[in-house]
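Student: Hi, could you walk me through this one? I'd like to go over the contacts and the helix packing.
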Amino acid sequence: MASRAVTARSPSGTAALWRSTTRFARTWPYLLPALFFFVGWQLFPIVRTAWISFTSFSFLLDDSPESASWVWFDNYVDAVQDPLVREGLLKAAIFTAIFLPGMIFLPMVIAVLVDRVANQRLAATYRVILLVPAMIPGPLIFLLWGWMYSNGIGPINYVLVDVLGVYDLANQPTWLGSGNLTFLSLAMMEWWWGLGFHTMFYLAGLSTIPKELYESARVDGASEWRIFWKITFARLRPILLVLVVLRFGTAYALIDEYILTGGFDRSKPTYTWTVYMWDTAFQVGDQNRGYAAAVGWLGTLGMLVVVLWLFYAFRNRD
Amino acid sequence: MATRAEPETIATTRRLAARRRVRVPWGSIVKHGILVVTCVVILFPLLWVFLLSIKSLPDAYTNRIWPHNFEFGSYRTALTAIDTLPQNIQNSILLTLATMVITSTVAVLAGYGLVHLPTPGKAIVLAILVGSLFVPSRVTGLISIWEIQDRLGLINSTWGLILPYQTLALAVSIFIMRGVFETIPRELAESARVDGAGSFMILRRIMLPLVRNGVIVVLITNFIAAWGEWLLANTLTNDQEKRTLTVVLASANAGFGQWLWPTMAAMFVIAILPGLIAFIFVQRWYMRGLQEGALKG
């Protein structure tokens, strides 16, 4: 009201202000409900966690982050030197390196094959079957694959030991035991889960490629391999970038599967920076949440650097 | 000439076709072979777990895939084995329904506002939403989410989980709805506005029927996110009767021992069945929704 009174001297200014105010009042109600949740439980928490990471806030010692002392970058300095943080970041990186290529390229191969199925009903059947695992929630997928990999009742080792006889009971692989085999097992589980959903992304991209493009390339005598690289792969590149960035984010910050597989056993490969953060914040010692927040943000910053690099690496060179 | 040449060309094409038919279509065999094997790999674990749930106990101990004896009693045992289970199932249904309804509604409103209304500052809102996809806010923000819930007195409250649950798939849902709304010509809303319809009337009467398939995609996305959420529910609640089915089931492996595999399997089947049944019913619209631009957003 006050601002209206001030600008009342110039009628055109008032009208413009009035117009933009009503435009705000008419359009923002559509965004506000979404922004309420987004800001409240997504944007603010991540900023607030950054704030907490500069304090010495320990849940069992301090009433609130405000009553703890402000320590600037002390937590970060400690975290960088903490072998558990270093190992945790490295372990997450190893898992991501094993997981990412399969999650990006397997669906691409399947999508190219499904796209070439001429019979529409058959193609639709393939799509539905491939999508079935996507309808099962993550921790339940883990439960299911825990059984698959199990030594006692698991069908995988049953086939390897009893049917094929590749291994015997003494040296059969313990899939979720220790070492990097755990990561491969988790990666295969995630591939199984994500295959159908990611295939759909590629299929959406493939459907935008005009079929004449292939025909004219064939008339020009291009080999199938060349056609794949120059047309199919080139057109799928934007989708590839989106998937690489999104899956990198979920893989590097994975936590549910790690806690469910290895618990809080620090010697296990599943004790990554995310599990260390959770352990520090909610479980061990004085529940040093200031330090845990710093560990979380250190991992997040590392991820942002990689994401920026990915965008740079995939930039359009044309 | 032309009339006499015609039978000849037909004969030639027939002969060519015959020669082609004799040649083994290796490409097609390999293509369908890979796809069928993939489908078997996809379906096998699910069939296996279903089989486990109807195995008799002695059969379940051995890892033999096909059992000697079937027993269907595990489903009855499953519902009574964990005494909080009915409450956990109820919690899961409550949270999942609330998340599906609320997030989908706010995503439809936001998607509409971002595409078909002259919303000031929409570029900034979009940029922040895109940026949020690259930050693991659920993990890194957890410490602060705990603090917020604590200040609101909502630690160990099932209802309280509704608030953080809305952000599980919020940004993705808004992108999906934005992609779907963009496939609708702006002239449609324009002409309705000229006829004197308000923006909400246009959304309800004209837009909603057109974005129906996209809404189904968003509903399913939120169903999966909420039904299977583990980290928040596990961190923000303590008592078993306040927790969701997923959390109890995921930890039951340890607390339950290895004694009752068929019962565990039966619980698992009960937990995944709602999603699979719902998917089978709506998959037609879901597929259409995906193709209509949900994946292009």
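This is a predicted model: local features need pLDDT of at least 70, side-chain atom pairs count only at pLDDT 80 or more; totals for chains, interfaces and linings use all residues.

Student: How many residues does the contact take from chain A and from chain B?
Tutor: Chain A puts in 69 residues and chain B puts in 68 residues.

Student: And which helix gives the most on the chain A side?
Tutor: That is helix H2 (residues 11-52) of chain A, with 19 residues on the side that touches chain B.

Student: What's that side like by class?
Tutor: The side of chain A that touches chain B has 50 nonpolar, 12 polar and 7 charged residues.

Student: Switching topic: how is chain B divided?
Tutor: Into domain 1 (21-74) and domain 2 (77-294). Over C-alpha atoms, the centres of these two domains of chain B are 31 Å apart.

Student: How many residues are in contact there?
Tutor: In chain B, 9 residues of domain 1 are in contact with 9 residues of domain 2. On the domain 1 side, H2(B) brings the largest share, 4 residues. By class, that domain 1 side divides into 5 nonpolar, 3 polar and 1 charged.

Student: Now helices. At what angle do H10 and H13 of chain B cross?
Tutor: Helix H10 (residues 170-182) and helix H13 (residues 212-227) of chain B cross at roughly 170 degrees, and their axes come within 9 Å. Therefore H10(B) is roughly antiparallel to H13(B), as angles over 145 degrees count that way.

Student: Which residues make the contact?
Tutor: Among them are B:Val172, B:Ile176 and B:Val180 of H10(B), and B:Val217, B:Val218 and B:Thr221 of H13(B). This contact of H10(B) with H13(B) has 6 nonpolar, 4 polar and no charged residues.

Technical notes. Residues are numbered from 1 along each chain as its sequence is written. Chains are lettered from A and ligands numbered from 1 in the order in which they are written. Two residues are in contact if their C-beta atoms, placed from the backbone, lie within 7 Å. Helices (H or I, at least four residues) and strands (E, at least two) are DSSP runs, numbered from the N terminus. Ala, Val, Leu, Ile, Met, Phe, Trp, Tyr, Cys and Pro count as nonpolar, Asp, Glu, Lys and Arg as charged, and the others, Gly among them, as polar. Domain bounds come from an automatic or database domain assignment. Axes are lines fitted to C-alpha atoms, for helices over the stretch in contact, and angles run from 0 to 180 degrees between N-to-C directions. Angles under 35 degrees count as roughly parallel, over 145 as roughly antiparallel, 65 to 115 as roughly perpendicular and the rest as oblique.
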